[in-house]
Amino acid sequence: MGDVAISRLEAPAVDADIQAFSSLLRDCVEAGASIGFLAPFTALQAEAFWRDIAEQLARGERSLWAARDAGTGTLLGTIQLITALPDNQPHRGDVAKLMVSPRARRLGIAQALVAALESHAREISLRTLVLDTVTGSAADGLYRKLGWVEVGHVPDYALYPDGTPCSTTFFYKSL
C-alpha cells in the first residue's frame, strides 16, 4: 500500500463512488464493527445508508472525510462530523462512523482521519467534540492516545453485528 490521501468530500463524490463506500461499510460490518448495523447486512442497505449520508452532506448537516490509497485511489476509510445539532449547541460537533477497511488497519489511517476532522472542526470554530465507541476496542485506545477524555461507559449500550451486546465508552475533546 502506498501513501494515503485524506480529503473532505461533498455529496456528488459519494454518489459517484457509492459502490466503494458501500463495500467499505459492508467489510467493516462483516469484520464485526459495531457501527449501527446487524448481520446480515446487504449491499442495498449499505447503499441506502450512503445515499442518506450524501443528502445530509448536501444539506450541510455533516462533513465526511475519505482516506484513499494515493496510488490506486482505493477507498480505505472514512469519518464523519455531525454539525446539525440543537440551537443551543452551535459550538459542538459529534464524531461518527470512523471506518477503516479491515485490510488497511494499523497503518495510521484512523489517526489521519481524526486529525483531518479535528483540524476542520477548529477552522469552523467548534470548541467541543463528542463521540462514543466500543469499550476496549482499538478505536477506544486510539481516542485515548489522541487526547480524548473518557466521560464514562454504558454496559450493553449497543450490539455487535452478530447481536452480542457491547459496552460503549463516551469521550469528549475540547479544541
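## Cysteines

The sulfur of C28 lies 15 Å from the closest cysteine sulfur, which belongs to C166, and this is too far for a bond. A disulfide is a pair of cysteine sulfur atoms within 2.5 Å. C166 is likewise in no disulfide, its nearest cysteine sulfur being that of C28, 15 Å away. A search of the whole structure finds 0 disulfides.

C28 counts as buried because its relative accessibility is 1%. Buried means under 20% relative accessible area, exposed means over 50%, and partly exposed is in between (1.4 Å probe, protein chains only). C166 also counts as buried, at 3% relative accessibility.

## About the model

This is a predicted model, in which local features need pLDDT of at least 70 and side-chain atom pairs count only at pLDDT 80 or more, while totals for chains, interfaces and linings use all residues. Residues are numbered from 1 along each chain as its sequence is written, and side-chain values use heavy atoms, with hydrogens and water left out.

## Aromatic pairs

The structure holds 7 aromatic pairs. Rings of Phe, Tyr and Trp (its six-membered ring) pair if their centres lie within 6.5 Å; planes under 30 degrees apart count as stacked, over 60 as edge-to-face and the rest as tilted. One of the pairs is formed by F37 and F49, which is edge-to-face, with 5.3 Å centre to centre and 85° between the planes. This pair links distant parts of the chain, since F37 is in the loop between α2 (18-30) and α3 while F49 is in helix α3, 12 residues apart. Helices (H or I, at least four residues) and strands (E, at least two) are DSSP runs, numbered from the N terminus. F37 is buried, with a relative accessible area of 16%, and F49 is buried, with 14%.

Y157 and F170 form an edge-to-face pair, because their ring centres are 5.2 Å apart and their planes are at 85°. Y157 lies in strand β6 (residues 149-159) and F170 in strand β7 (residues 165-174), so the pair ties together parts that are 13 residues apart in sequence. Y157 is partly exposed, with a relative accessible area of 46%, and F170 is partly exposed, with 25%.

Ring pairs also link F21, F37, F41, F49 and W50 into a cluster.

## Q56 in helix α3

Helix α3 (residues 43-58) contains Q56. Is Q56 buried or exposed? Q56 counts as buried, because its relative accessibility is 11%. Not counting residues up to four places away in sequence, Q56 touches E61 and R62, where contact means heavy atoms within 4.5 Å.
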